[in-house]
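Trainee: I would like a close look at one part of this model, the interface between the two chains. Please describe how the chains meet there.

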2 protein chains.
Amino acid sequence: MANPQELSVKLVVDMWHTHIQRCNQLLEALSDEQLLREIAPGKNRGIYLLGHLTAVHDRMITLLGLGERLCPQLDGPFLSQPDRAAEDTATVSELREYWNAVNTALAEGFTTLTPEAWFQRHNAVSEEDFAKEPHRNKLNLLLNRSHHLAYHFGQIVLL
Amino acid sequence: MANPQELSVKLVVDMWHTHIQRCNQLLEALSDEQLLREIAPGKNRGIYLLGHLTAVHDRMITLLGLGERLCPQLDGPFLSQPDRAAEDTATVSELREYWNAVNTALAEGFTTLTPEAWFQRHNAVSEEDFAKEPHRNKLNLLLNRSHHLAYHFGQIVLL
């Protein structure tokens, strides 16, 4: 039987994959035209949420020490700026490709991490701070981003 | 320094409390009238999501072995039935009270659980199944419901 450390990693990683799968099923069911619509009147469009989630997940690659991120160009339009601040810099079709590439890179990276590695610090916390706050580990980052995904998934389903 | 088991419990329980707090801040900022509106045209109303989350959290009390649930009367209108299936059986004001009572009961119950207890089975899984699937523990149930909360929180913010 798995020990608590292995079990904890399994719980959080499984929850991540479950939400990625649900989101992928939804995205496949939505047309590009639907993703260009607002989730509610005056609120973010589907394309913005897709780009936003892709940018946040892309940053996880470096935060978790899994290599170089793939799409730093998404930070400006999908993290720094709100929706419709400028002309769209990527099409829905391109964002779908980025989304899949980034999540595939993460999934592959996850397989290289041992249970112990998940309890080491992520790259947004210093060694000094981690010594004082040992809960700021890689698993916590994944847990945080998994909730972030669920939050926006609850919005994309409204399209 | 905490061991991985204690740390894992802290991560998931902290994440739960963070989302409850965010949701409470939002609910305080929303008027009863706002909560009677739809989150998007033709979609669930805020009152339904508040009742739905309260019912799901209320069921957690028994699933986690923390005592008797407080509001079983919410299951019919907020779990079995979709929004607007019948006349509202509770006011927004009543649901706000139930919401706070249920989450307070859960928070108090959490303090009685040791890290080891979080890794024991929850009451929706049999002993036989738990022997085969040891990840179906109380911590996993909390993790699941925490994502469920984030999902609907992402919808309530649209009000």
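Mentor: What follows is an account of that interface. This is a predicted model, in which local features need pLDDT of at least 70 and side-chain atom pairs count only at pLDDT 80 or more, while totals for chains, interfaces and linings use all residues. Residues are numbered from 1 along each chain as its sequence is written, chains are lettered from A and ligands numbered from 1 in the order in which they are written, and side-chain values use heavy atoms, with hydrogens and water left out.

Chain A has 31 residues in contact with 31 residues of chain B (heavy atoms within 4.5 Å). The two chains bury about 2,800 Å² between them, 78% of it from carbon and sulfur atoms; this is the accessible area (1.4 Å probe) lost on being put together, summed over both parts. In chain A, the most area is lost to chain B by A:Leu11, A:His147 and A:Leu158, together 23% of what that side buries.

The elements giving two or more residues to this side of chain A are α1 (4-29) and α8 (138-156), helices being DSSP runs (H or I, at least four residues) numbered from the N terminus. Of these, α8(A) gives the most, with 11 residues.

Chain A can be laid on chain B with an RMSD of 0.0 Å by a turn of 180° and a shift of 0.0 Å along the axis, superposing by least squares the C-alpha atoms of residues with pLDDT of at least 70 in both. That is the relation of a two-fold axis. Within chain A, A:Tyr151 comes closest to the rotation axis, at 2.1 Å (C-alpha). Because 100% of the interface residues of chain A are also interface residues in chain B, the copies meet through the same surface.
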